[in-house]
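Subject: The model, and some notes on it

Hi,

Here is the structure I promised to pass on. Have a look at it first, and then read my notes below.

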Amino acid sequence: MIKACIFDLDGVIVDTAKYHFLAWRRLANELGFDFSEEDNEQLKGVSRMGSLELILQWGGIRLSEPEKLAWADKKNSWYREYILKMQPDEILDGVLPFLAELKGKDIQMGLGSASKNALDIITQIGLRELFESVVDGARATKSKPDPQVFLLGAAELGRQPSECIVFEDAAKGVEAALNGGFYAVGIGRAEHLGHAHLVIPDFKGLSFEDILEAIHQKA
Ligand code: B16
Ligand code: MG
C-alpha cells in the first residue's frame, strides 16, 4: 500500500535547471570557457560542489580549495537572484492538481532535494505547507545515488520505503530511490530514466490511480 510520495524539487516541481545553467555558465564564462545546455544535463541532481568539480574539469581549470569555495558562493548568489524572483506560476504543468489529489486522498507528501536552496524555493512558490517532511541539501550529507535523502524523508514521515513513491528527474536520483527500496517514477525521457518503475514526461493529465496501476504492473 502506498502511503506517501516523496518529490525531488528541481526538474520535478519546478524547472530551476535553467537558472542553475545560467549561473554556472556565467561562472564558466568568467573563467574563460563555455559549456552547453546538453552538458548541463549531467549536473541534474548533483550537489553544488560536485557540479563545480565537473564544470572545472570541462574547462580544464585547476583551483585551490578556498578558490573553489569562493566560486561556488558566487554562483549561488547569482542563482539566488533568480530563485528569489520565482512565482507560483513557475510550478510545472500538472503538478498542482496532482498534489491536490494526494492531499484529498490523505497521501503524505515529502520533499527530497540535493539543493540547499530547496526551502527558499518551495516557500517562494507557496508550497511549503503541503510538505510534511523536507530533506534538503543542508540535511543530507550523502549525494544521490546514495538513498540517504529519501530514507531520511521516509523515516520522518513514519513510513517504510516500500510504502513510498519517489518522483525524480535525474538518473542518479532514480538510482538513489531504487537503492533505498522505494518505488521510483522518472519524470522526463525513458532513455535517461529507463531504470525507474515508470517514466512519465510530466504530470499533465495524470491521476494517482494511473501511477499506482502502472508501478504495480512493473513491480
Ligand atoms: P544548490 P534536486 C539539485 O536539486 C539540482 O538538480 C542540482 O543541479 C544542484 O546542483 C543541486 O540541487 C544543488 O543545488 O546549489 O541549490 O544547493 O534536483 O535534487 O532538487
Ligand atoms: Mg532534480
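The C-alpha centres of domain 1 and domain 2 are 25 Å apart. Bear in mind that this is a predicted model. The domain assignment makes domain 1 out of two pieces, 4-15 + 90-218, and gives 17-83 to domain 2.

How many residues do the two domains bring to their contact? Domain 1 has 15 residues in contact with 14 residues of domain 2. Together the two bury about 1,200 Å² between them, and carbon and sulfur atoms give 41% of that area. On the domain 1 side, Asp15, Glu90 and Asn117 lose the most area to domain 2, and these three together make up 36% of what that side buries.

Now the polar side of that interface. Helix 6 (residues 118-124) gives the most to the side of domain 1 that touches domain 2, namely 3 residues. Sorted by class, that side of domain 1 has 8 charged, 4 polar and 3 nonpolar residues. The rule finds 1 salt bridge across the interface. As for salt bridges in particular, Asp120 and Arg80 meet through their side chains, at 2.8 Å from N to O.

On to charge pairs in general. Side chains of opposite charge can pair when their charged atoms come close. Over the whole structure, the search turns up 14 salt bridges. Here are a few that I looked at:

- Arg25 pairs with Asp34, with 2.8 Å between the closest N and O atoms. Arg25 counts as partly exposed because its relative accessibility is 32%, and Asp34, at 44%, is also classed as partly exposed.
- Lys144 pairs with Glu168, and here the closest N and O atoms are 2.7 Å apart. This pair links distant parts of the chain, 24 residues apart: Lys144 sits in the loop between strand 3 (133-135) and helix 7, while Glu168 belongs to strand 4 (residues 164-168). Both Lys144 and Glu168 are buried.
- Asp202 pairs with Lys204, the closest N and O atoms being 3.8 Å apart. Asp202 is partly exposed at 24% relative accessibility, whereas Lys204 reaches 52% and so counts as exposed.

One more thing about these bridges: through shared partners, Asp8, Lys144 and Glu168 are joined into one network.

Is Gln148 buried or exposed? Gln148 counts as buried, because its relative accessibility of 17% is under the 20% cut-off. Gln148 lies in helix 7, which covers residues 148-157. Apart from neighbours within four places in sequence, Gln148 is in contact with Ala140, Thr141 and Lys142.

The other one is Ser77, in helix 4 (residues 65-83). Ser77 has a relative accessibility of 38%, so this residue counts as partly exposed.

Cheers

Methods
Residues are numbered from 1 along each chain as its sequence is written. Chains are lettered from A and ligands numbered from 1 in the order in which they are written. This is a predicted model: local features need pLDDT of at least 70, side-chain atom pairs count only at pLDDT 80 or more; totals for chains, interfaces and linings use all residues. Side-chain values use heavy atoms; hydrogens and water are left out. Helices (H or I, at least four residues) and strands (E, at least two) are DSSP runs, numbered from the N terminus. Buried means under 20% relative accessible area, exposed over 50%, partly exposed in between (1.4 Å probe, protein chains only). Contact means heavy atoms within 4.5 Å. Domain bounds come from an automatic or database domain assignment. Buried area is the accessible area (1.4 Å probe) that two parts lose on being put together, summed over both. A salt bridge is a side-chain nitrogen of Lys or Arg within 4 Å of a carboxyl oxygen of Asp or Glu. Ala, Val, Leu, Ile, Met, Phe, Trp, Tyr, Cys and Pro count as nonpolar, Asp, Glu, Lys and Arg as charged, and the others, Gly among them, as polar.
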